[in-house]
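Welcome, and please open your viewer. We will go from stop to stop, selecting a few residues each time and looking at what is there.

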Amino acid sequence: MNGLQFIGQVVLFSIVIFFLSGRLIGSQVNLFRRILSVVLSVILTTFVFWYTYVRDTDYLMGDVMQNVMNIATLLWVGSMLLLSMLFYLLFELFDPIAIDENGARMTDRKSFIMRIIQQWRRQKRLRQVVQIAVTNGITRTVKYARNRDNDRELAIALRDTLEQCGGIFIKFGQVLSTRKELFSPVFIDELEKLQQNVRPLTAEQVNEVLQANLTQPVEEVFSYFSEEPLAAASIGQVHKAVLRATNEQVAVKLLRPDVKEIMRDDLSILVEFAQWVSSKSVWAENLGFRDLAIGFAASLMEEIDFQIEARNTQQVANVLRASADKVHIPRIYTHYSNANILVMEYIDGKSVAVADEVYEQFQINRHQFAQNLFNSFLEQALISGIFHADPHPGNIYIAKRTGTMTLLDFGAVGRLAAKQQDGLKQFLIGIALNDASVVYEGVAELVENAAEVDQEEMEQAIGQVLLKISYTETVQTDELIYSIFSIAREFGLHFYPSVSTALRALVTLDGTLHTIDPNFDIFQEARAFSSHYIQAAMKRPFKEPLTTKKYLEEELALILPTIRKIPRRMNQLFKKVESGKIILHHDVFSDKHNAMFVTQLFSRFVLLFVGITFGLISVALLAISQFMHTAYAIYLNTVAYVGLFLCAILLVRLSIQAIRDMKRT
């Protein structure tokens, strides 16, 4: 009977501890983790309690009140509560799942066991990556990265590390090889050597992807489907097909079945690797190596969702629909497309880099062709703000039948706000005019913290760069932009991510334009484009009077209410000035987020202060009790241990909240 009573008391205490620990831990407590922490604490403390006390005593369970008053029982229950909170703290510490602003977990609802297995695999993979980096000398070479003589050694070490890590790391290196505005030519030369051998999907895998993503059987959608891919990459591959309903030739882009899971794991490891490299090197930290990895991860996660690529394609097509520069954008068949499959118009053409016979067949003027491509890019980036972010020669085709320019692959698309569009215009025109002040004004619009810089000193540095390209026939765009980026880093400036994307696309486009016309100068062409655009804008009111009238009416409707209030507000202002009642007032607590932040910070400071106070007082009482030889020493000890218990409870709760704050996104 004693055994059953003991089990009943354990269950009773477990229920009490479950509710108490939940209240003490705070809000947004994970139920499974809470139950597991209570179970583990009950098992551990009960075993210790039984082994040290119960097995050698007549511990009767009938009188609950007597047991509660028992010191051993109190220690048992208190240890049970404290251990359950400590276990929960341990689970919170090693849980990689982030939480949102409200404290809710951002997770894909995987089971706890699966998350543990996944975390173990991630840590194993991360250790492997770090070991490869150390073996190749990354930790040795990054210490001397500022020495120009060691650039080659560091570049080789970085390339070897990325190549041996494979998968996403190779693709990351390939993307870095296009960042000529950030890396010196030594790094670009080494990173361009990275090649990724990708095996195409088997016929069975292709058929599985089609069946899983098409709403109809494959044979009802396509009258012809080529098993041989037109192109295969790490993300997906493209096949040629013919639609049964319309007999149109289409290109079908398929996402690799396991690519999302692989990328989700390896991308997080890549970011951790970049963080590790940045912690070892001031050079990598100033370069923003971790930010590069984060930006790469974000863009790649968009590329593996073909619905985003379909939307990007349609957006750019709408932007260029009324353009004077005729550029064709493939049609997207949205009825057959989703996140894993993209059906688009098939383009029978050649890349601009290998289309010599097409140029000759249609007697295409290469300079004019390059000018149309460049003007189209500027129209996308500087007027609409949405632009193709990867204009390398493989994505620029010439149709064999019509000689029309076609843009392909809109998985990477950049977006510039109006302020950044103006800044990029000034930047390009300033270089064309060889005017350091104009270039500085443009850069100031493109960076996040321009107010912290000495304008005159930075203009001097930009002027030195412009002098190097003065009186030359051609300007090396990649070297020039690399120099401007280097100056920005030296002054502690950081370009907006969207601006970095635009400048990288500009450097890539410059290489493409030079394959078409080796003498093409993008800065002079940008100046001519701006002049032409300004002239067209000035003539538009006369050419399109109805459109201009409608535009003026819309603008007037927006500003008219404000204009009507000006006289009354001016009168009120003058009255306050005359009466001396003008008061400048700024309240940091007027903003809800500021008030919440200060309140939370103050409340946690109070809890920390109270917890430390309990601990100090308890330690002092324990020390005093050592010098007492009366019965009062027992009471002092009891109070001291209770204080230490409360101190531990408060500190554990604060630790859990601190870990949640670090994971809050």
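Let's begin with a term: a contact means heavy atoms within 4.5 Å. By that rule, residues 24 or more positions apart account for 68% of the contacts in the chain with a separation of 6 or more.

This is a predicted model, in which local features need pLDDT of at least 70 and side-chain atom pairs count only at pLDDT 80 or more, while totals for chains, interfaces and linings use all residues. Residues are numbered from 1 along each chain as its sequence is written, and side-chain values use heavy atoms, with hydrogens and water left out.

**The whole chain**

Show the chain as a cartoon, and you have 26 helices and 13 strands on screen. These are DSSP runs numbered from the N terminus, with helices being H or I of at least four residues and strands E of at least two. Of the 665 residues in the chain, 43% are buried. Buried stands for under 20% relative accessible area, exposed for over 50%, and partly exposed for anything in between (1.4 Å probe, protein chains only).

**The core**

Now select F289 and F427. Within the largest nonpolar core, which has 120 residues, these two touch the most other members. A nonpolar core is a set of buried Ala, Val, Leu, Ile, Met, Phe, Trp, Tyr and Cys residues joined through side-chain atoms within 4.5 Å. Next, colour helix α12 (residues 259-280), which gives the most to this core, with ten residues.

What is in contact with F289, leaving aside its neighbours within four places in sequence? Select L158, F172, L176, F273, A274, V277, S278 and A284 to see them. Then move to L210, L214, V252 and Y336, which are among the 18 residues of a second, separate core.

**Charged pairs**

Side chains of opposite charge can pair when their charged atoms come close. The whole structure has eleven salt bridges, each being a side-chain nitrogen of Lys or Arg within 4 Å of a carboxyl oxygen of Asp or Glu.

Select E163 and R159, a salt bridge whose closest N and O atoms are 4.0 Å apart. Both lie in helix α7 (residues 151-165), and because they are four residues apart, about one helical turn separates them. E163 is partly exposed at 35% relative accessibility, whereas R159 is buried at 15%.

Next come K193 and E190, with 3.2 Å between the closest N and O atoms of their salt bridge. Which of the two is buried? E190 is, with a relative accessible area of 3%, while K193 is partly exposed at 47%.

For another salt bridge, select K400 and D348, which meet at 4.0 Å, N to O. This pair links distant parts of the chain, 52 residues apart: K400 is in the loop between β11 (396-399) and β12 (405-407), and D348 is in the loop between β8 (341-345) and β9 (349-351). K400 is partly exposed at 36% relative accessibility, and D348 is partly exposed at 31%.

**Two crossing helices**

For the last stop, show helix α19 (residues 436-446) and helix α20 (residues 455-468). Their axes come within 9 Å and cross at roughly 115 degrees. Here, axes are lines fitted to C-alpha atoms, for helices over the stretch in contact, and angles run from 0 to 180 degrees between N-to-C directions. On the α19 side, the contact is made by A436, S437, V439, Y440, E441 and V443. On the α20 side, select Q455, M458, E459, I462, G463 and L466.
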